[in-house]
Amino acid sequence: MADADVLVALLYQLADDELVIGHRDSEWLGLAPHIEEDIAFGSIAQDEVGHAIIFLRMLEELGEGNADDLAFLRPAADRRNAVLVERPNGAGTYLENPQFDWGYTIARRLVYDLFDGVRLEVLTRSSHQPLAQVAAKIRREERYHLLHHVTWFKRLAQGSDESRRRLEEGIAKVWTDVGGLFTLGAVATSPIFPATTQDLLDGWMGELKPIFAAEGIAWPSAPLMRPPLGLDGRRGQHTPELGALLEAMGEVCRAVPGASW
Amino acid sequence: MVTEAAVWAALTDVKDPEIPPVSVVDMGMVSRVVVDGDQVNIDMTPTFVGCPALEIIRRDVAARVAVEPGVGGVAVRFVFDPPWTSERITPQGRERLKTFGIAPPMPESAGGLINLAEVPPCPFCSSHDTHMENLFGPTACRAIYYCDACRQPFEAMKTV
Ligand SMILES: [Zn+2]
């Protein structure tokens, strides 16, 4: 595969992971456990969506189309985010009877942040200089997310019997999708992306296992590279929940074409 | 013809939209000014990648420099090389942050790690008897602290 195609495929994965998890983060606004956490998740959401914007603009410069259109109007089948990040925060919706799951959210956030950190480190070694430079900058911001989510992970693990049980249930639920983070879809290991699935997985396990061990949480098993539902987000296979998310996210854009914000 | 020095001087008039006493030069956001005839090209480096004020800053910079004598056109570009770090804030910028009730960023710890045990002194009373309330604040670049000496909440620029 040509370098240019690898770059485009990679940018879609980066943009879509960050945009979708950023949207899920934003859905906690007003519903998080306390007001400081509303602020934290609002801020983290803003960071992630900001990172997505940079990757979408790079796609725009490569002739893939307008960045806003790519964000808001692209159909689910063209999205390349991992299925893990599109899962709802819990039962209900933001507007209707949200019964969101904080244990799941923290488990997902921790595994995603560590994966993102490993991937960003790979990107700083990319032969595509603009991408390597942006990755170096984003890495410095992501340290705050990781610190926050590690703190929460420990707090839930050490809190009460209930908080620990809910965290462990969250981990079990995350584990059914976690392998989907590491599949590379149309991204070939190359100077643009100098790592394999196994490299990503090894780097991620190297960071996560000690965190689990420190809290006495059993390591579930090696993540399944072929998710049980057979959905590989990196190849455009998604749950109906992504469709619902895109419906909500693109509502204003479709209602008022050409609006600026 | 406009000089680079005149452009830099003009840029000190452009304030951070979220921190009015501090200019974009104080913040270390201007990485390069190149004058080519009557055309001025300015490279700026975002404090945070997702900072929603970037387009406002771009507009304000272009508008201010455009009215300098001898300027025909202005192009403002955001670049990530070198990346913005909180070390780029000038000594004057650090002082001005304090006048706005924001503690300047702490120096980076060894290995680029964030050390939560280190707290900034209070921008109001200079006491070191402060503690962190929230790693995240009203903007991406700020965290929230509380001063146990003068009993006031305050913000601090994050170390990035
Ligand atoms: Zn004080």
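A:Glu142 is buried (under 20% relative accessible area, with exposed over 50%, partly exposed in between, 1.4 Å probe, protein chains only), yet A:Glu142 has no salt bridge. A salt bridge here is a side-chain nitrogen of Lys or Arg within 4 Å of a carboxyl oxygen of Asp or Glu. The nearest side chain of opposite charge, A:Arg109, is 5.4 Å away. The model is predicted: local features need pLDDT of at least 70, side-chain atom pairs count only at pLDDT 80 or more, and totals for chains, interfaces and linings use all residues. Residues are numbered from 1 along each chain as its sequence is written, chains are lettered from A and ligands numbered from 1 in the order in which they are written, and side-chain values use heavy atoms, with hydrogens and water left out.

A:Glu142 sits in helix α6 (residues 129-158) of chain A. Helices (H or I, at least four residues) and strands (E, at least two) are DSSP runs, numbered from the N terminus. The side chain of A:Glu142 makes a polar contact of 3.2 Å with that of A:His51. A polar contact is a pair of N or O atoms within 3.5 Å; within protein, one must be able to donate a hydrogen and the other to accept it, and residues adjacent in sequence count only if both atoms are side-chain atoms. Leaving aside residues up to four places away in sequence, A:Glu142 touches A:Glu18, A:Glu48, A:His51, A:Asp113, A:Asp116 and A:Leu120. Contact means heavy atoms within 4.5 Å.

A:Arg109 itself is paired. Its side chain meets that of A:Glu48 in a salt bridge (3.0 Å, N to O). This pair links distant parts of the chain, with A:Arg109 in helix α5 (residues 102-123) of chain A and A:Glu48 in helix α2 (residues 35-61) of chain A, 61 residues apart. Both A:Arg109 and A:Glu48 are buried.

Helix α6 of chain A also holds A:Ala135. A:Ala135 is buried, at a relative accessible area of 1%. Its contacts, not counting residues up to four places away in sequence, are A:Leu120, A:Leu123 and A:Thr124. A:Ala135 and A:Leu201 are 66 residues apart in sequence and 19 Å apart in space, C-alpha to C-alpha.

Over all chains, the salt-bridge count comes to 24. Side chains of opposite charge can pair when their charged atoms come close. One of the pairs joins A:Glu168 and A:Arg164, with the closest N and O atoms 3.5 Å apart. Both residues lie in helix α7 (residues 161-175) of chain A, four residues apart, about one turn of the helix. A:Glu168 is partly exposed, with a relative accessible area of 35%. A:Arg164 is also partly exposed, at 21%. A further salt bridge connects A:Asp232 with A:Arg235, the closest N and O atoms being 4.0 Å apart. A:Asp232 counts as buried because its relative accessibility is 15%, whereas A:Arg235 is exposed at 51%. Elsewhere, salt bridges that share partners join A:Asp17, A:Asp116, A:Arg119 and A:Arg234 into one network.

Chain B contains three helices and nine strands. Along the sequence they follow the pattern α-β-β-β-β-α-β-α-β-β-β-β. The C-alpha atoms of chain B fill a box of roughly 55 × 30 × 25 Å, taken along the principal axes. Of the 160 residues in chain B, 48% are buried. Among contacts in chain B with a separation of 6 or more, 52% come from residues 24 or more positions apart.

B:Gly72 lies in the loop between α2 (54-66) and β5 (73-78) of chain B. B:Gly72 is exposed, with a relative accessible area of 55%. B:Gly72 and B:Gly37 are 35 residues apart in sequence and 8.5 Å apart in space, C-alpha to C-alpha.

At the interface, 27 residues of chain B are in contact with 22 residues of chain A. The two chains bury about 2,200 Å² between them, 63% of it on carbon and sulfur atoms. Buried area is the accessible area (1.4 Å probe) that two parts lose on being put together, summed over both. The side of chain B that touches chain A has 14 nonpolar, eight polar and five charged residues. In this classification Ala, Val, Leu, Ile, Met, Phe, Trp, Tyr, Cys and Pro count as nonpolar, Asp, Glu, Lys and Arg as charged, and the others, Gly among them, as polar. Seven residue pairs are in polar contact between chain B and chain A (both at pLDDT 80 or more).

Terms used
Lys and Arg count as positive and Asp and Glu as negative; His and the chain ends are not counted.
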